[in-house]
Amino acid sequence: CGESLDADEVAEHSRRCVSVDAVVPTSAAECLEELSKTDPSWGAIVDLLQEASMENIARYRYSLRLKRLWRIKPSGVLQQHESEVAALGKATRLFYGASLADAESIACGGFKMPESSGTFGKGVYLAPCPLKAASLAPEESWLPLAKRMITRPWAALKKENGHLLLCDVYLGKTMTLRSKNTDFDPTEDLKGGWLRDNLGLGDYDSVYAPGGFFGAVSVAEYVVYRVQQALPRYLLEFENVY
């Protein structure tokens, strides 16, 4: 709500700063606007999907084709989230894979912190590479899998489609981690320490995990620990092209 926070106040701030006036839309129709292929955003996102996938196409062995696109209307909650993190600087565009139901829920009301820990603790994990995010996005039912098991058993696990959120993510000052730490506690572990304090650099706001042999993950990802830092802007329906 505009005040300066210590690290151990972040969780409480996230709870109490959601104003009762920031009404969450009750249906996807209220927060999503479908765009046609003639909309300038369509071409820009097609180009982004291609460019951001280029480095890892050989790893995943498929590309993504955009099928449908929705612009997310900024609800009161999302606008409030953005105002709370604007001081962190310019946003970075990152991808998040999800089921359609989860993607619509996030589009309307923003992200929620997960109950279980990931590679770097409990946070929102997003990827600069859409292929990585797409690999985590489930198909909408078991029927495509069942059909492939009958008609193409050798390719049964090759998913055909899914959904992505393209988000503006306010990373702020990013800590680089190369080792897995499921017990990562942002209230303590994002503290900068005495050297950063003496240099006036302050604490960190997010985690960056570089991909590769010497990292904890194969393909790079970012983690934020406040839901306000990840703002969904577009919902994408894609199909995998093998």
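**Salt bridges in a predicted model**

Guide: Let's start with aspartate 205, which is buried, with a relative accessible area of 18%. Keep in mind that this is a predicted model.

Visitor: Why does aspartate 205 count as buried?

Guide: Because its relative accessible area is 18%, and buried means under 20%.

Visitor: Which residue forms a salt bridge with aspartate 205?

Guide: That's lysine 173, with the closest N and O atoms 3.9 Å apart. Lysine 173 sits in the loop between strands E5 (161–169) and E6 (174–176), and aspartate 205 in the loop between helix H10 (193–198) and strand E7 (206–209), so the pair ties together parts 32 residues apart in sequence.

Visitor: And lysine 173, is it buried or partly exposed?

Guide: Partly exposed, at 36% relative accessibility.

Visitor: Switching topic: how many salt bridges are there?

Guide: The count comes to 11. One of them pairs glutamate 34 with arginine 68, where the closest N and O atoms are 2.9 Å apart.

Visitor: Where do glutamate 34 and arginine 68 lie?

Guide: Glutamate 34 is in strand E1 (residues 32–35) and arginine 68 in strand E2 (residues 63–72). Glutamate 34 is partly exposed at 43%, and arginine 68 is partly exposed at 36%.

Visitor: What about glutamate 188, which partner does it have?

Guide: Lysine 191, with the closest N and O atoms 3.4 Å apart. Glutamate 188 is partly exposed at 43% relative accessibility, and lysine 191 is partly exposed at 40%.

Visitor: Which residues are joined into one network?

Guide: Glu82, Arg93, Asp168 and Arg233, through salt bridges that share partners.

Terms used. Residues numbered from 1 in each chain as written. Predicted model: local features only at pLDDT ≥ 70, side-chain atom pairs only at ≥ 80, totals over all residues. Heavy atoms only, no water. Salt bridge = Lys/Arg side-chain N within 4 Å of Asp/Glu carboxyl O. Helix = DSSP H or I, 4+ residues; strand = E, 2+ residues; numbered from the N terminus. Buried < 20%, exposed > 50% of the residue type's maximum accessible area, 1.4 Å probe, protein only.
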